[in-house]
Amino acid sequence: MDVDVDAELYDRTSRTDVVFARSKELVVTYYAHLPVEVRQALRTADFNRDAYSGDVDPLTGFALVASAETCFVWNYSQALTGTPTCYIFVCPQDVEPTSMATPLHALVPYGPSREPGLILISPAGNVRFWDNIAMGLAGGDNGLGLSLDLNGSEKVTTLTRSDPLTYIVSTSEGRLARLVVTSTGGKYHLAAHVFSRPTSPLSLSRLFPSFWTLPSLQPQAGNVNAVALGETYADASGRDLWALVDNRIQRWNLSVEGWEELLLEEDISAITRTAIRRNFSSAPEDDMDLDLELLDLKVESSTTLLVLLSYAGQEEDPSIIMDDSPPRRIYCIIRINRIVDSFHISNLTTVPYQSTSSSRAPMHPRLQLLQQGKLIVVQFGDAITLGAPANKYTDRLELKSTQDRTLGVGVVQNESEFLVLTAATMMKAYVNMDEVEKFDPDVGRANLIKSIMVQAILYGPNPENPLQFSFPPDIDEDALMAGAEQLGEAVLESDPEIIRPSHDLNVQLTTRKERLSFLIKFINDNAVLTKLSQRTRQRLTSDAERLYAAHQLWLRHNEWIASSHRHNVLYDAVYAYMDSIKEAHHEDCLRAFFRLKVEHLGNLVPHVVDVVRSSSREHTVDLAEDVTQANRIAITILQSAVSYRIYNLGVYGVELPMIDPWSSQPHIIDNLIYLFDVTEGLVQSLSEDVETSTALEGVKPQLPQLASTLIASMQERLDWLDSPLVDQSTNAQREKAELSERFDQIRPRVLESLRRNNFAEEAFRLAEEYRDFRSLASLCNRETVYPPYANPYAARIQSYIERFKEAFTAELYQWYIEHGELRTMFAQEHDAYLGDFFSQHPHPGISWIHDLGHKRYGQASKALLSEAEGASELASKHLMLSIGKLSHLAQLEESSATIDQATLDAFHDGLDFVSVHETLIENLKTALSSARTRQSLEKQVEKIATGKAKKLAEYPGLQNVFRLLVRRLLLGKALSIEDVAELLSLKDNDPEIEDYATALHLLAKVTRLPNTRRLSAFRSVWRRIYLHDDWNAIRQTSGITDAELNERLRSTALYAALQATLTRQDQPEGYILKPAAATIIPDRSEIALRWPGLSPDEVDMVERDCARESTVLSNLGLDDVFESMQQLVAEDQEQWMEDA
């Protein structure tokens, strides 16, 4: 870059009001540019290969940058107003240069009236001194030279200013030396002498023998990492000097008389490792793995030291360690208190920085103290960190460019600011110590995280900003989530700190969208998305999708305004909402809502619907237009939000279902249903008014969109209620059950409405999308169903079968069954799925047809037998029993199996029962033989009751039961055994007295009737058996022989019943009953349960009739007759057996 270009850059970047970072606690601004010569030297530097160091010295007002060959010095304050003068010096060279090493440097202050001097020391101990930097203008190679004459491998490690004319040099072998600037004859000179002799045989005594004394405590050899000066003693006799040698701390007395004495040396590695492991559970237990390193040292007070250290980090979860990942170095600062001559660690503070062997711009980290140690600044190669030990406040400045690095940090004495010199610029950082001291860790961490993200949004995009923003290592998850949520909320509320005010709402909304997009990108770029809980991720997603939907709604609103419509539903709805929350004071409520209340976008839908309700109640001519606007608003809000959500699921790491999503709250669903119903009504209405008709044409296309939005919202809500995250309370379970039932009712109706209004394709698409196979089956059969090839959707049905297989065919077959389209079902070409369907969804009344078609006769016969037992139609019962019996016989013939007598007997019994029906019907219909014309059902029933149940004339309740059963028979119904027995015992049985025995036999065989019910039925039959004959006439024995009396008895129903029952082996309870047992009648509740179709009055009538039967029977006194009749039947049967 030539000088002209650099001048242009200077003009562009010399503004000191340029802010690079700003938080409540810290403001970083551009301070000054670098001299042209420095920028030219650093432009092509590779800091991983080329060594550079630097310093900012507020005491002199100068800064410097040094490479292995050249040192540049300039007055940085001069750069504020013009182009600074750059002084260039040749660095002292070693015979064997050290790789990646620069000379140590120090400026020598003489006061404000004279430019400073410069000391440079090469790694091997070659010293060069210039008493005035102005000498750099003459080539910079004319300074005074001095050699510390170090041993072969010994290197200089630090150069520290003790006072303006005294400097301390340390070496890698534990030796310390004092450099003193002296003045003789107006000229400045540099002299050196070494501290007390170390234990190593290597010595500088041959160079400086006069300086050596023999102290009582000898220092141990080791690498001196840092030197720090303490306060001057109260008697001004000297001051403490502290040295960090490997893992030891040395305390020296630096006397003003020119001698030094070692007062203390202690190894602090053990107490340091203990403190690390106590504070960090993940720290390695093995000392070698911990790899402790003490880096720098500062004096906080006469009894307190601050030590910067690092150790090898270890992942808490070993599974995430990569084989090729470099080890981490974790940095901490410990506060060490000196009590007498021992050390104790009172505090450990984490430094928000970690490095690896691959980190850019490697350098030895250095400590700086701000405000007497209230704030600690640590310089790393690519970052500056800040920390307040008192309250755990931390922050950091991280360089953006890989071509940039820190070169020096200059702390302004007794001020709350420091300067940062980098390879690109010089920055000034101002710390608000009041805010730092007020920092509360409980809430401050979240605020710091939010501040980082805000700064990344506001200052990160600036290409001239040398800083980048990132989260500190081992970021607190709770703080991260709280900070991210706070920032999202601030963007939604147009916080002026983040969102610049703009009258153009479109621009303002776009800016806010960009802020939220940047937020999630920042989180992902920093690889901390996994630290966010699913609730926080969804919260951020909801913020972004609502803002996106609001922007889309605003764009649609502008289009609507431009079309010059008479009424604005959105404005009315927004005003109503703002008024409801006491925010209607804004001059423009609409813009205020979009600026401040986007978080409550979903709450706008009910107010939109209220506008439609009001218009509907008032029967305004604008109803169609209002509905059109309302639909557009609801659809835009919900569809835009959901589409944004789905598109960005991966970006936000969202796992569905959403947690209690705002887009499917119950009030949203209710209002969508209302809008759909109103829209459907308008679409189906007709109007002769041209304007209304035009408005209706605008409503109709919205129907599919409404349907899609409604179904999506209901499904989304159900998905959430199905989630294990939902509190399984009674209310939640009730809502789930009610919504599921409601969804099952609404979905088919909505899809059918679409089909009916010429949106069949949309209906099919929705049913496919939500895998609503029930609705798909229904939609496919709304026109011609049979024959299948004539169905316009035959190809679609076939494609669904191929795509969805059993999931679709199960619902298709169920639809056929429910709608009586069995012929269509069995005529389909996809017969292969029927077998599985019937096995999973038993329909024995239908599956037998399929079984017969596939020659599964055994299954068919079982199905027919099962169905026949419950068949309500007599003809069907007869048919199923007949076919079932034939199937059973066919199975025996087909498989040569042995006869299953129980199954065969069941078919015989069933067919016999059908024969009883037929015989009974035939008998009853003889009462109709005199009718010459066709009679109504009721007239037939009445005629049969009159002709075939004359004895019931005195029993109106039982006569009503008789009519009920006859009516069912005439309708072709199959009666139950209990009903047939009732009917057989109620009718007049002259001359068919054997029908009583038939009733008893039927009841004896029934197996699916509770014992109490069967016993009650036995009692009724026996009661009527006893009442069938005129016992008073039979017992008139005057003038008749015993033979004649016995003949009378043999002609009774009782004799016939006993004759048919006495010989039965397995007699169930009630099969034979004495007169006293037959007098027991059912109570009213039993009668009501037995005849559920009777009214309460009719039940009372039956109860009275049963009571009357019981009374009459009791009055007859037939107990002795029963005993005589039993004996007579037994004697007759014995005689018949003898005759046989």
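The dialogue below goes through salt bridges, ring pairs and surface charge in a predicted model.

Trainee: What kind of model is this, and how are residues numbered?

Mentor: The model is predicted: local features need pLDDT of at least 70, side-chain atom pairs count only at pLDDT 80 or more, and totals for chains, interfaces and linings use all residues. Residues are numbered from 1 along each chain as its sequence is written, and side-chain values use heavy atoms, with hydrogens and water left out.

Trainee: What is a salt bridge, and how many does the structure hold?

Mentor: A salt bridge is a side-chain nitrogen of Lys or Arg within 4 Å of a carboxyl oxygen of Asp or Glu. The structure holds 61 salt bridges. One of them joins the side chains of Glu154 and Arg175, at 2.1 Å from N to O. This pair links distant parts of the chain, 21 residues apart. Glu154 is in the loop between strand S10 (144–147) and strand S11 (156–163), and Arg175 is in the loop between strand S12 (166–171) and strand S13 (176–184). Helices (H or I, at least four residues) and strands (E, at least two) are DSSP runs, numbered from the N terminus.

Trainee: Are Glu154 and Arg175 buried or exposed?

Mentor: Buried means under 20% relative accessible area, exposed over 50%, and partly exposed in between (1.4 Å probe, protein chains only). Glu154 has 1% relative accessibility, so Glu154 counts as buried. Arg175 is at 3% and also counts as buried.

Trainee: Which residue forms a salt bridge with Arg251?

Mentor: Asp240 does, with the closest N and O atoms 3.2 Å apart. Arg251 belongs to strand S17 (residues 248–255) and Asp240 to strand S16 (residues 238–245); the two are 11 residues apart. Arg251 is buried, with a relative accessible area of 14%, and Asp240 counts as buried at 7%.

Trainee: Where do Asp744 and Arg747 lie?

Mentor: Both are in helix H18 (residues 730–756); because they are 3 residues apart there, about one helical turn separates them. Asp744 is partly exposed, with a relative accessible area of 44%, whereas Arg747 counts as buried at 14%. Elsewhere in the listing of bridges, shared partners join Asp677, Glu680, Arg749, Glu752, Arg755, Arg756 and Arg782 into one network.

Trainee: How many aromatic pairs are there?

Mentor: Rings of Phe, Tyr and Trp (its six-membered ring) pair if their centres lie within 6.5 Å; planes under 30 degrees apart count as stacked, over 60 as edge-to-face and the rest as tilted. By this rule the count is 26 aromatic pairs. Phe593 and Phe594 make an edge-to-face pair, 5.7 Å centre to centre with 90° between the planes. Phe593 and Phe594 are buried.

Trainee: Why is the pair of Phe1018 and Tyr1071 edge-to-face?

Mentor: Because the planes stand at 80°, with the ring centres 6.2 Å apart. Phe1018 is in helix H33 (residues 1011–1027), and Tyr1071 is in the loop between helix H36 (1053–1061) and helix H37 (1075–1078), 53 residues apart. Phe1018 counts as buried at 0% relative accessibility, and Tyr1071 is buried with a relative accessible area of 0%.

Trainee: Which residues do ring pairs link into a cluster?

Mentor: Phe764, Phe773, Tyr793, Tyr800, Phe804 and Phe808 are linked in this way.
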